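This report goes through a few local features of one structure. The sequence and the model come next.

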Amino acid sequence: MDKRSQDIAALITKHEALFTDMSDRIWGFAEPRFQEYQSSELQQKVLADLGFSIRAGLAGQETAFIAEWGSGKPVIAILGEFDALSGLSQKADVTEHDPVEAGGQGHGCGHHLLGAGSAAAATAVKEYMEQNDIPGTIRYYGCPAEENAGGKAFLVRDGLFDDCDIAITWHPSTVNQVSLGSSLANFRVFYTFHGTSAHAAGSPHLGRSALDAVEIMNVGVNYMREHMISQARVHYAVTDSGGTAPNVVQSRAQVLYAIRAPKVTQVQELKRRIDNIAKGAALITETTVEIKQVSAYSDLITNKVIAARLDAHLRNFVPIDYTEEELEYARRFTAVTTQMDRDNLVGSIKKLLPKAEAERWLREPILNVVAPSVDMGAGGSTDVGDVSWVVPTAQLTTATWAPATAAHSWQATAQGCSSNAHKAMFAASKAMACAVLDFMTDPELVAAARAQWIEDLDGETYPNPLPEGYMPEIW
Ligand SMILES: [Zn+2]
């Protein structure tokens, strides 16, 4: 490791207690999308105290903020998050499902670590630039509502990334890796049907059922599946079934759809077809339908130039030095994953590593190795995708969770304040800070990332998939 990387790592180590505390407190706040008031305030206060200037309340999002230090070019963004997920409340370090609050929110995707780890990286970059008189601007973006609402799409739409040259972020995981993969574009759309209530036995002929319309719509969409591209994903939740009385014809019912495909334009086309199916269901049932899109995530364009720098630096900070207690902790949590999750992990690792190495690592209690930087294929969606359409962007993952732990699970929430999670978070912080300094000090590297980005865009521009004029809302 070169001297600069060592110095940057030391700056992160110096602030370990501060950012561990930030992460743990945000885990405790467990605030859901657009309601991350305490989490955002805590991050703003810590970063302001460290000398960053703060702009808060951005793009119609009260909890969004930018912490900035320095001036002039390049402008480099480190992205952070802090939103929790509903239904994933869970006591820390407990290996059985035991919520802090039944049905409450929990950090089952590790966004408390994501935000604190990114803030730590931004702080180390600032302090290194100060000590070494390096020109340029470092920004930390406090991005609300990654889950279910795609908060970054609003920030992008309002031009808050327009002057950025490079964007870097990370995500908690079970593997240490700089993936070259994309993610699926994703729209969330509410279909609300309105019918006519009636006594379901006394005068059923006078009723027009909104619940029937939801059911018929879902049947129609399920028939559509055969005639869509195989990489697309469509799923739904009935968010209002019209009540609990079977003897009342349901006058209102609602279903929420998630529509995903590799490209935004493909999602737009699928949404057009699903809108038509909803209108068909309304016609069949003599109800009416309201269609309201509430979020949009664009597909991720991973910048290979940035990814290569992240990968090189991550290899300096992994393997991580775990204690025997920490390895035992990981073993206990892998023991409470499902057999399907464990089988899935074995499949993934065998794809990533040569057979003998894969078998060796699968016997280890933690995947304490940097997996090759390859494209693992798109599954989920992220609003980092929207940023990647306007700024060259790449991200890494580190193994904050025991092998086979599923994201969006109580097991992930439970491990969120462990020393394993903190160590993996700081490995991410160090790799990101070192990569940021590479770009901060080398205009040719910034130009190379930009040239790669223009090539990847291949003449396309940001599809800006949010409905015109739509503002963030809590739904
Ligand atoms: Zn996440």
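## Helix packing

The angle between H1 (residues 3-14) and H4 (residues 111-132) is about 125°, and their axes lie 9 Å apart. Axes are lines fitted to C-alpha atoms over the stretch in contact, with angles from 0 to 180 degrees between N-to-C directions. Helices are DSSP runs of H or I with at least four residues, and strands are E runs of at least two, numbered from the N terminus.

In H1, the residues in contact (heavy atoms within 4.5 Å) include Ile 8 and Leu 11, while those in H4 include Ala 124 and Tyr 128.

## Basis of the model

This is a predicted model, in which local features need pLDDT of at least 70, side-chain atom pairs count only at pLDDT 80 or more, and totals for chains, interfaces and linings use all residues. Residues are numbered from 1 along each chain as its sequence is written, and side-chain values use heavy atoms, with hydrogens and water left out.

## Cis peptide bonds

The bond from Lys 73 to Pro 74 is cis, with omega near -10°. Pro 74 sits in the loop between strands S2 (61-71) and S3 (75-81).

A cis bond also joins Val 318 to Pro 319, with omega near 10°. Pro 319 belongs to the loop between helices H8 (304-317) and H9 (324-334).

## Positive phi

Ala 30 is not a glycine, yet its phi is positive, about 45°. Ala 30 lies in the loop between helices H2 (16-29) and H3 (37-49).
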